[in-house]
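Hi,

Here is the structure I promised to pass on.

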Amino acid sequence: MIYLKTEEEIEKVRAASDLVSRTLGEVAKWIAPGVTTQKLDTIAREFICDNGGSPACLGYHGFPGTLCIEVNETVVHGFPSNYALREGDIVGTDCVVELNGYNGDSCYTFAVGEVDPKTLRLLEVTKESLYKGIAAAKAGKRIGDISNAVQTFCEKAGYSVVREMCGHGIGRSMHESPEVPNYGRRGIGPLLKPNMTICIEPMINLGSKNIVIERDGWQCRTKDRKPSAHFEHTILITEHEPEILTTFKYIEEALGISPEGAPVAEE
Ligand code: MF3
Ligand code: CO
């Protein structure tokens with residue numbers, strides 16, 4: 001069952017999406033060698049609560065954090081811990097905020113200090129693939145058009161697409177129908193209709209697509225232990241172009257980079 005949202009509901013998903021975006025903007029200010037992932041988690045939780053929201057992942061089927069922390073080979077669902085970030089790491093922070101009964105979901109993968117150019121390229125391509133997926137998310141098209149856009153772009157660049165995890169619908173629940181895979185054939189799957197709210201979230205590996213889930217049942221890493229990147233937006237399907245409800249602008253302001261990834265000119 002795919003819920004089409006009313007205007008009032010869309011406004012609530014929009015507000016939750018803005019809060020999760022601002023939360024990741026706060027997290028961005030702390031990304032540096034020596035900072036523990038637990039510290040990032042605390043920053044996010046306090047910011048969400050101070051702004052009237054609640055951290056939707058915390059306690060979700062027992063998940064122990066406000067953020068899913070994705071260091072290097074961690075694909076998704078990593079736990080915040082006393083691990084201190086190191087120069088050359090990448091770290092994804094995936095966050096869901098609930099505000100007034102509705103959810104917003106976003107993820108950004110950060111470079112910590114100087115990162116190997118091959119890995120930086122993985123970040124760039126994965127982020128760009130998210131926008132390729134969004135561009136395909138038009139009313140009248142199908143989920144498979146989004147999936148195919150992400151997959152084609154990433155595989156052309158030489159990367160592999162994780163199969164086991166997908167994007168999803170979002171609203172009152174953080175995970176609603178439909179599933180939004182990052183691979184698949186054009187023209188298949190559920191029809192996209194105006195007033196659907198969905199999350200697109202490519203999880204893209206530098207090496208092979210294979211993953212391993214740890215014995216805790218959550219933490220997911222690449223089998224070959226090569227890096228994996230993850231970016232996510234919550235979007236609204238409209239009669240025209242999709243509307244991106246989350247934004248990376250707070251993150252990119254905090255990092256001092258323009259949305260295109262170029263350094264902001266010094267005054
Ligand atoms: N943010 C994740 C997603 O994109 C969900 C987190 S799973 C949780 O679907 F269990 F940690 F909440
Ligand atoms: Co999500």
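Below is what turned up, starting with the ground rules.

This is a predicted model, so local features need pLDDT of at least 70 and side-chain atom pairs count only at pLDDT 80 or more, while totals for chains, interfaces and linings use all residues. Residues are numbered from 1 along each chain as its sequence is written, chains are lettered from A and ligands numbered from 1 in the order in which they are written, and side-chain values use heavy atoms, with hydrogens and water left out.

Salt bridges first (a side-chain nitrogen of Lys or Arg within 4 Å of a carboxyl oxygen of Asp or Glu): the structure has 11 of them. One joins Glu11 to Arg14, with the closest N and O atoms 2.7 Å apart. Both sit in helix H1, residues 7–28 (helices are DSSP runs of H or I, at least four residues, and strands are runs of E, at least two, numbered from the N terminus). Glu11 and Arg14 also belong to a salt-bridge network with Glu243.

Asp18 and Arg22 make another salt bridge, at 3.0 Å from N to O. They are 4 residues apart in H1, about one helical turn.

Now the strands. S4 (residues 90–99) and S5 pair antiparallel over 10 bridges (pairing takes at least two DSSP bridges). Cys95 has Ser106 in S5 as its bridge partner. The hairpin has 2 residues between the strands, and Asn100 there takes a positive phi near 50°.

Is S5 mostly covered or open? Mostly covered: 9 of its 10 residues are buried (under 20% relative accessible area; exposed is over 50%, partly exposed in between, with a 1.4 Å probe and protein chains only).

Cheers
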